[in-house]
Amino acid sequence: MPLSDDLTLCIAIDRLTEADSTHYAIWVLESPFPGGYAHHDRLWDSQMAQIWESWQQFFALRGLPQVPHVPSAYVPQFHLDDLLDRVAPAAEVGGYTGRLMQGLGVSLWEWLFDGPIRQTLERSLGMAIGQNRPLKLRLEIRPPELISLPWEIMQPQPGCPALSLGPQVLFSRTASAVEPLPEAELDTSLRILLVLGQDDPSPGGGGADQVLQLPQEAEALKQLLELSASRLSYQGASPVVCQVQTLLEPDAKTLLTALETNYFNVFFYAGHGVPAPDGGLLFLRQGGSLSGTELAQGLARNGIRLAVFNTCWGAQPDLQQQQVIPRSSLAEVLLHHGVPAVLAMRDSIADEEALSFIQVLARGLAERQPVAQAVALARQHLLTAYRFNHPAWSLPVLYQHPQFGGHLLREAALAVTQLPGQDLRTTQAVVLRCLATPTRLWRLYDGYLRVGRLPDNDLVILEPWVSGQHAEIFCRTQFENGVQETYYYLRDRSRYGSYYFDSHGWHHVHRAEVPLALGTAIRFGSTEGELMEFTLEGSPKSPPPC
């Protein structure tokens, strides 16, 4: 849910009337001050139509509509060079591409922030600067023909940074007609499901070379995500734990089962995708695809907070007879189904550009930055690495749910394992303690406790029947009737198994997982092993089980 001290300005665009496709209404849905709820009408004139058409032709954005068509009788004709000379002098950025980039960016800014809308923006920015906080600027674009426009490049004048580059403004797109978000506590670690789908769905595409390279690509990407987080600390605290599970060309059932049986807060997909009416199509494997609508069910139902797509056209709607289909892009469909934040690409992005972007994004998330801030920093990195007049930095498009506050992780001081309903200000934590010596206990930091004989475990047990990586205790968040519930589990990975005690006596679990209740007694590897209890720190000692 949004934080109480947020400064948010949310602006919506819609057609003024269905009969006239060139007149639009712009109004403020949410303002940081009571008098900011302004309304303004705008005409999409021939100047805007021509500069957008020139952008499409120059940057080869295939299949995008002429947005929108303007009859020549509306506005006298003009020369595009005259417009670019006015809004983007050649001295600012060399070459025609730089002038075109700035020309469209300034034109979009002047078109959107005009009259009372600009006054609201300026006062909102003044409040944010005065309070030393960023302004969250969220743009809802309802006419489907305007979605393809690169609103992320908006800038107030040549030489000024685009609004989407932060840090004073945290820019994202949003939508109103969405499923409500359930109440959810912030996480303590990044748990990423990394899915590598089919790279080339054409007959014979990929071939043996692609099959051989996919595991290496997955491992390289996994290490990139984990290392980006593990090298950082936050204000002297321990680095954020980043755990990545990979799926290589899974079928739809395997993917959805992974979402349902494990807890992840970030979903990352790399592979081929195309626009389609139901949120596009993701090509998971040869002969197997998944629609955005089908994927949305699994992501929203199982607690994914951020979905990232390195796939072509993830932020683009589909076309039918050159007409844009409303709410058909992958990003929009996921947002409408209740995924809090979705990051997708407006056009195809090169692999090296995507990897560069992802590395900086993961680093920002690990620093506990809001999602929009982490995206802005990663966007800045692309601009620096590939220059302003290269479209790479304009390709990532971030959508955020109107109820999403923007944070994935708790502040460092609060990053301890919590039980459902537990006050975040308390220091009481979930622990595994030795019943024979209750002062010996091990906390579940970041919701995990690893048990085994090897020294890199959280709890090291040097008994011969304990495996090197024997077991782990972890928490998982599940949604039941729209309410988030947190449960704890024991997962055994060992040679000989583990034992737990309930009202029916001792039970053996081997290479499987079982739910854990507070007060459960546990032994690892043998019924003769040391007796442990899963409980809350500071709770009275339980009598040993019979």
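Modeller: Helix 6 (residues 252-261) and helix 7 (residues 292-301) pack with their axes 9 Å apart, at an angle of about 15 degrees. Axes here are lines fitted to C-alpha atoms, for helices over the stretch in contact, with angles from 0 to 180 degrees between N-to-C directions. Helices (H or I, at least four residues) and strands (E, at least two) are DSSP runs, numbered from the N terminus. This is a predicted model, in which local features need pLDDT of at least 70 and side-chain atom pairs count only at pLDDT 80 or more, while totals for chains, interfaces and linings use all residues. Residues are numbered from 1 along each chain as its sequence is written, and side-chain values use heavy atoms, leaving out hydrogens and water.

Biologist: Are helix 6 and helix 7 roughly parallel or roughly antiparallel?

Modeller: Helix 6 and helix 7 are roughly parallel to each other, a label given to angles under 35 degrees, whereas over 145 is roughly antiparallel, 65 to 115 roughly perpendicular and the rest oblique.

Biologist: Which residues in helix 6 and helix 7 meet?

Modeller: From helix 6, L255, L256, L259 and E260 meet E294, L295, G298, L299 and R301 of helix 7, where contact means heavy atoms within 4.5 Å. These residues divide into five nonpolar, one polar and three charged; Ala, Val, Leu, Ile, Met, Phe, Trp, Tyr, Cys and Pro count as nonpolar, Asp, Glu, Lys and Arg as charged, and the others, Gly among them, as polar.

Biologist: And at what angle do helix 1 and helix 3 pack?

Modeller: Helix 1 (residues 46-59) and helix 3 (residues 95-112) pack at about 140 degrees, with their axes 10 Å apart. The residues of that contact divide into 12 nonpolar, four polar and no charged.

Biologist: New topic: which residues touch the most other members in the largest nonpolar core?

Modeller: In that core of 117 residues, they are I11, L112, F113, W151, F267 and F309. A nonpolar core is a set of buried Ala, Val, Leu, Ile, Met, Phe, Trp, Tyr and Cys residues joined through side-chain atoms within 4.5 Å. A second, separate core of 24 residues includes A471, C475, V514 and M532.

Biologist: Is N132 buried or exposed?

Modeller: N132 counts as exposed, at 72% relative accessibility; buried means under 20% relative accessible area, exposed over 50% and partly exposed in between, with a 1.4 Å probe and protein chains only. N132 also has a positive phi of about 55 degrees, although it is not a glycine.

Biologist: Where is the cis peptide bond?

Modeller: The bond from G166 to P167 is cis, with omega near -5 degrees, and P167 is found in the loop between strand 4 (135-141) and strand 5 (169-174).
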